[in-house]
Amino acid sequence: MITIKNLNFKYSGTNNYALRNINLEIKEGELAVIIGSIGSGKSTLAKCINGLIPHFVNGIMSGEVEVAGIKTADIDISDISKIVGMVLENPLTQLTGYGTTVEEEIAFGLENLGLIREEMKNRINSVLKLLDIEKIRYKDPFDISGGQQQRVVLASVLAMKPKILVLDDPTSQLDPSGAEEVFEELKKLKGKQTIILITQKMNIIRELASRVIVMSKGKIVKIGKPIEVLLDYKLLKRNNIEVPAETELLYKMNYNKKIMEMLKV
Amino acid sequence: MLTNYIKKDSLIHKLNPAVKIFLALIIIFLSFLIRETYKLSLFSALSFILAFAAKIPKEFFKTLGFIMTPLLITLVIFHGILNPAATQVIATFYFLSIKLDGLIIGFNYFAKLLSFVSISYILIFTTNPADLVASLSKLGLPKQAAFVTLATIQFIPLMEEKAKKIMDAQQARGLRIIGGIIQRIKAYIPLLMPLILSMLDEAYERSISLELRAFFSKNKRTFFREELWRKTDTITSIILAVIVGGIIIV
Ligand SMILES: Nc1ncnc2c1ncn2[C@@H]1O[C@H](COP(=O)(O)OP(=O)(O)OP(=O)(O)O)[C@@H](O)[C@H]1O
Ligand SMILES: [Mg+2]
């Protein structure tokens, strides 16, 4: 579903490459989680997948990104947005404020796609139902909780029926219960949709991820099963990633090595 | 909500946005064209009546007062006292003399501004922004331009909200805004930089969000909200046309 080959990217005005030699293959229906320390290039990679790079952001790009068989460099962002949906950190800047109700907010992207009213209604009904936010349908999107706002953003993106969903740290601006709401939605979507999730929340990875991609200084340093990555104390430490308490404990008790060996066989 | 739109159930709110847009455009145009202060005042009076009809007098006059009072003071001082062309002195304090003809010019400018600011706020306060943008695009404005209009309308409430947040944060960290005017102004300076920076940041993120929602797509845009032209729209248009025509003639 996503194929990335020898991708490098440098923001204009900077000296260092934000992405170096990225190679990645994501299959249909996967839920891949990307982790990595601050500035490791996670968001930059996300921007490459949805075409913001090279179409919107200035810089030097080499290599290839293909989504659903189409090279992102070859088509407009508005066409990519039909293939790749993206949810970012801050719900407030993602709500367009175009409409005065949740329903109209969701309709915004559909209007831009030029859909007929009947189709818009159908799609709005089904995403509201899927995310269980029918009761806020007529509410003002700026008048609901952060978690609900982020779910409305998610609904707005899903209504555009993208084949791939990319979420860049969608819960960092939310309180724990808001974050929980968003992760609950992702659980519902898992398997039905190809998803790439960037998050700092280690506890969620175990539950959700089919694969974990670890980034550091613009490179992918590891791709593995959740348990492989989560229990790899040294890998996490070396790349400045928060080590889950269990892993820390296991490591201190020296079990970690044995478990890692067991996993390899 | 990010706009100034005030949700109410009123005849004015229900009017087709095109009627309000045309009325606003015509009055704005006439405000620049017409010289007579009394005619200009009649246009403002029309907006005032519409504010009551729209059940938003409180919000309307509060906003108007907030925006127009400093303008009134500036214009009166500038033309009544400082305009070198004015000659008819009516009162003198020390070396400052207030001149009648200057005051008249000042009030005339004020009447012009009041007339078009009033009708603009009627439009903004009573029209759902989605409908406003939709109508503007249907009237032939490119959607980018229509959206810029919306963004501009959203800008002020957004800025206020941001300013409040940053001020709270700074006060929590010990910034004190008390004392004389100079001290107060000085105290606001540290607020400005973060305000501008965060507004720029957000504007960037917002434009990304629009990209991601296919806003710049070349498809012909469709509209979710149904917009109907009702009989009341025709009747109101005729009444408004008669009133505006009447004001021009008298
Ligand atoms: N618009 C930009 N212009 C210039 N440099 C940028 C820009 N955006 C990011 N960078 C730089 O590129 C590198 C990677 O940034 P990126 O935002 O992809 O990191 P990240 O892994 O998403 O970090 P975070 O965890 O903070 O979100 C960083 O060194 C960052 O400073
Ligand atoms: Mg990031």
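Guide: What follows is a conversation about the terms and the values behind them.

Guide: This is a predicted model, in which local features need pLDDT of at least 70 and side-chain atom pairs count only at pLDDT 80 or more, while totals for chains, interfaces and linings use all residues. Residues are numbered from 1 along each chain as its sequence is written, chains are lettered from A and ligands numbered from 1 in the order in which they are written, and side-chain values use heavy atoms, with hydrogens and water left out.

Visitor: Why is Ser135(B) called buried?

Guide: Buried means under 20% relative accessible area, with exposed over 50% and partly exposed in between (1.4 Å probe, protein chains only). Ser135(B) has a relative accessible area of 1%, and therefore it is called buried. This residue lies in helix α6 (residues 129–138) of chain B, where helices (H or I, at least four residues) and strands (E, at least two) are DSSP runs numbered from the N terminus.

Visitor: What does Ser135(B) touch, leaving out residues up to four places away in sequence?

Guide: Contact means heavy atoms within 4.5 Å, and on that rule Ser135(B) touches Asn16(B), Pro17(B), Ala18(B), Ile21(B) and Glu227(B). In chain B as a whole, buried residues make up 44% of the 250 residues.

Visitor: What makes a group of residues a nonpolar core?

Guide: The term stands for a set of buried Ala, Val, Leu, Ile, Met, Phe, Trp, Tyr and Cys residues joined through side-chain atoms within 4.5 Å. The largest such core has 52 residues, and Ile35(A), Ile106(A), Leu154(A), Leu165(A), Leu167(A), Leu197(A) and Ile205(A) touch the most other members. Helix α7 (residues 146–158) of chain A gives the most to this core, with six residues.

Visitor: Why is the pair Glu185(A) and Arg151(A) called a salt bridge?

Guide: A salt bridge is a side-chain nitrogen of Lys or Arg within 4 Å of a carboxyl oxygen of Asp or Glu. The closest N and O atoms of Glu185(A) and Arg151(A) are 2.7 Å apart, and therefore the pair meets the rule. Across the interface of domain 1 and domain 2 of chain A the rule finds two salt bridges.

Visitor: How many salt bridges does the rule find across the interface of chain A and chain B?

Guide: The rule finds four there. Arg213(B) forms a salt bridge with Glu105(A), with the closest N and O atoms 3.3 Å apart.

Visitor: What is the area that chain A and chain B bury between them?

Guide: Buried area is the accessible area (1.4 Å probe) that two parts lose on being put together, summed over both. For chain A and chain B this comes to about 3,500 Å², 55% of it on carbon and sulfur atoms. Thr93(A), Tyr98(A) and Asn112(A) supply 20% of the area that chain A buries against chain B, more than any other three residues. The contact takes 43 residues from chain A and 37 residues from chain B.
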